There are 2 protein chains.
Amino acid sequence: MKYTIIAIGDELLIGQVTDTNSGWIARHLTPYGWEADCVRVISDDAQAITRAIDEAFERTDVVLMTGGLGPTKDDITKPALCGYFGGELVYDETTAANVRTVMQKRNLQVNEYTRLQAMVPTSCRVIQNQVGTAPIMWFERDGKVLVSMPGVPHETETMMEREVIPQLIKRFHRDEVILFRTFMVMGIIESELAMMLDEFERNLPQTMHLAYLPQPGLMRLRLTGISTDGETLRTHMAQRESELHKLLGKAIIADEDISLAEIVGRKLREKGLTLSTAESCTGGNIAHVITEIAGSSDYFKGTVVSYANDVKTRVLGVSQEALDSEGAVSQPVVEQMVCGVSKLLQTHCAVATSGVAGPSGGTPEKPVGTVWMAAKCGDRVVSQVKRLPGDRRRVIDRATTEVLLMLLRMLQDM
Amino acid sequence: MKYTIIAIGDELLIGQVTDTNSGWIARHLTPYGWEADCVRVISDDAQAITRAIDEAFERTDVVLMTGGLGPTKDDITKPALCGYFGGELVYDETTAANVRTVMQKRNLQVNEYTRLQAMVPTSCRVIQNQVGTAPIMWFERDGKVLVSMPGVPHETETMMEREVIPQLIKRFHRDEVILFRTFMVMGIIESELAMMLDEFERNLPQTMHLAYLPQPGLMRLRLTGISTDGETLRTHMAQRESELHKLLGKAIIADEDISLAEIVGRKLREKGLTLSTAESCTGGNIAHVITEIAGSSDYFKGTVVSYANDVKTRVLGVSQEALDSEGAVSQPVVEQMVCGVSKLLQTHCAVATSGVAGPSGGTPEKPVGTVWMAAKCGDRVVSQVKRLPGDRRRVIDRATTEVLLMLLRMLQDM
């Protein structure tokens with residue numbers, strides 16, 4: 001089933017807010033064989049909305065729309081949809097009751113603006129929003145469907161999962177089978193990988209396709225198959241999977257689309273090991289990406305962010321001598337940090353970083369982007385220095401990835 | 001100047017990668033009075049590319065395109081553009097030399113695939129990519145301009161800043177003045193704010209517009225003015241700015257679009273105070289958002305992430321008694337954490353969190369989303385408990401925001 005996403009909001013078009021709804025919708029409809037034809041991000045403007053719907057319905061039968069439903073004056077989606085599909089805006093008692101329930105749950109009073117949320121076009125079927133005040137509106141005409149949802153990500157995500165996706169699947173169904181496999185590959189750059197997989201790609205059947213999705217420090221490979229003959233497709237997919245494993249060996253660190261932190265976490269859990277981090281330039285980001293994973297408390301014990309040098313010495317036991325002679329961004333300091341934190345927090349494994357994230361603080365010997373990293377498993381400590389490109393944000397992200405890759409390699413070798 | 005953004009990539013349409021380029025481009029062109037008419041996200045498909053360009057040129061004279069230029073086989077943007085603008089793909093020696101330079105800087109060898117990057121349409125002017133191998137291509141026909149850039153965010157960002165934006169501004173110029181002011185507002189929900197500002201909004205001149213951009217726990221208000229009469233607009237803007245300050249008072253915590261962590265950081269620097277954090281459920285995220293700010297080492301000393309209870313007792317000095325009688329997610333524990341970390345890391349101020357981020361670990365008394373938070377300034381300690389909605393990721397983000405708001409209120413009262 002092909003569909004179009006229309007995301008409405010001036011704030012999206014000036015870049016003040018990033019549209020994450022469209023990606024979420026696509027990720028959650030793809031497994032059902034639904035294919036986004038196009039995403040259109042447009043402004044809060046009735047003409048733009050009408051034009052976008054016209055163009056979308058020319059090519060697809062389903063339009064999923066987000067945004068433009070807030071209670072304030074800059075939102076005009078509802079009247080625009082009412083103009084497009086006909087009918088009139090009326091006060092709907094069921095919707096009003098839902099708005100009251102949602103506001104009560106948040107300990108808030110319904111006011112003049114939230115009351116306006118209960119005005120809905122007579123031409124739509126309302127799906128009550130269980131987690132927000134903007135009603136979800138399902139329009140249908142000549143076999144074409146448009147669903148209007150709020151711009152607030154968690155409202156659209158929750159209501160898509162609970163109501164909109166099941167209702168869409170029920171309304172449209174088809175018999176093509178779609179299979180996906182994602183492989184996370186470590187240590188091979190895109191162009192090298194392309195050469196290694198050249199023959200593999202050329203020999204893929206018509207029904208299958210390989211895509212390269214580079215991330216900093218990692219590569220995601222996505223193998224897709226679409227066919228009405230599900231059985232043959234499954235056989236082909238299984239063959240290609242084992243072929244890829246033969247070709248890439250240990251470079252494949254996961255057979256699904258999961259984060260590096262999650263891959264490391266699984267290895268630690270598998271081996272019954274615990275982890276701590278000592279962070280200077282990454283400032284807690286390593287701990288953050290690890291603890292984003294549900295269940296990370298099984299193996300993660302804690303962190304010392306030692307931004308100040310006296311925290312490095314007093315808390316982590318880094319020697320003043322090493323700091324004085326080599327500076328904070330140095331091999332002895334980062335190695336003392338990794339040993340200090342694993343001792344203090346009593347963990348089997350640890351990682352540590354110390355670097356110049358920028359934009360200031362660089363020197364000719366240690367320019368911005370210079371990061372010393374260390375990883376420890378049991379008694380074994382390894383360290384490396386990297387000169388990472390990009391701004392502060394990128395240096396932090398990249399150092400986080402690099403030090404987790406160091407740890408993963410140590411865990412693989414155990 | 002109106003323009004269209006076209007983002008190309010199957011990975012965007014299945015939601016595996018989020019398109020951040022479009023927002024970046026919009027944010028950086030808006031100050032020049034450039035207005036994105038629409039963003040179209042389309043697949044790696046020659047027909048889709050041609051159609052999107054046709055539709056875009058119908059409404060705007062400039063198209064900025066990202067993506068589809070990687071060396072692997074699933075990218076077809078270059079031949080599609082060559083088909084659209086005419087000419088043929090030829091091997092360009094200058095581009096080849098640039099690819100070699102970029103690869104050498106990364107200590108990589110040019111291979112068959114990176115060599116293909118030097119193939120460019122004869123119908124374009126190449127802007128050499130200083131930070132990647134995909135050339136940037138500037139096409140021009142009948143007064144309309146299309147610039148094709150890579151999908152890798154840092155390449156497009158860097159080259160937009162260095163070359164593309166200056167060249168676009170030089171090529172097109174207009175005399176409208178555009179002014180923006182963003183105000184960060186704390187503690188008032190959108191619908192309440194809309195009521196408070198109802199008259200203010202109604203009295204705005206035709207040239208001005210107010211937008212509400214809610215974020216969890218905060219509201220951004222954006223006041224925009226566009227006019228050919230710059231002087232009058234500046235006067236109006238100044239009047240409206242002071243009017244907003246009168247109406248909202250201390251609820252306005254910043255006069256520009258900066259993060260809460262940055263607002264807190266400025267207050268700390270202003271008062272010469274230092275900060276540390278003790279984090280359980282936020283797992284280092286508070287430290288992370290603080291240290292994302294350049295210069296945060298002026299006031300931020302460090303963090304203890306105490307995911308495990310023995311780290312709370314041994315490192316932060318939380319009493320075993322409090323843990324046993326009240327549990328880790330409790331007022332005494334979070335207060336002992338905030339005092340413990342400020343003592344250990346020797347800081348004037350500190351914040352602490354302990355909660356149930358989920359998805360598991362909830363109980364009837366302390367369901368998922370329950371977070372105890374404490375903030376400390378000098379001898380004063382405040383604490384609160386909140387029941388935060390949403391998934392793990394949202395609970396962590398929201399707890400980070402809420403505890404920084406607590407600290408900000410304490411700093412405002414000093």
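Predicted model: local features only at pLDDT ≥ 70, side-chain atom pairs only at ≥ 80, totals over all residues.
**Two chains, strand by strand**

**Exercise 1.** Find the bridge partner of Ser306(A) in β14(B).

*Solution.* Go to β14(B) and you'll land on Gly302(B), the bridge partner of Ser306(A). Now zoom out: β14 of chain A (residues 300-306) and β14(B) run antiparallel, joined by 5 bridges. Strands here are DSSP E runs of at least two residues, numbered from the N terminus, and they pair if DSSP finds at least two bridges between them.

Residues are numbered from 1 along each chain as its sequence is written, with chains lettered from A and ligands numbered from 1 in the order in which they are written.

**Exercise 2.** Work out how many residues of chain B are in contact with chain A, and which strand of chain B gives the most.

*Solution.* Start with the count: 70 residues of chain B touch 71 of chain A (contact: C-beta atoms, placed from the backbone, within 7 Å). Then look for the top contributor: β14 of chain B, residues 300-306, supplies 7 residues.

**Exercise 3.** Say what rotation superposes chain B on chain A.

*Solution.* Superpose by least squares on C-alpha atoms with pLDDT of at least 70 in both copies. You get 180 degrees, 0.0 Å of shift along the axis and an RMSD of 0.1 Å. The copies are therefore related as by a two-fold rotation axis. Both use the same surface, too: 100% of chain B's contact residues recur in chain A.

How values were computed: Contact = placed C-beta atoms within 7 Å. Helix = DSSP H or I, 4+ residues; strand = E, 2+ residues; numbered from the N terminus.
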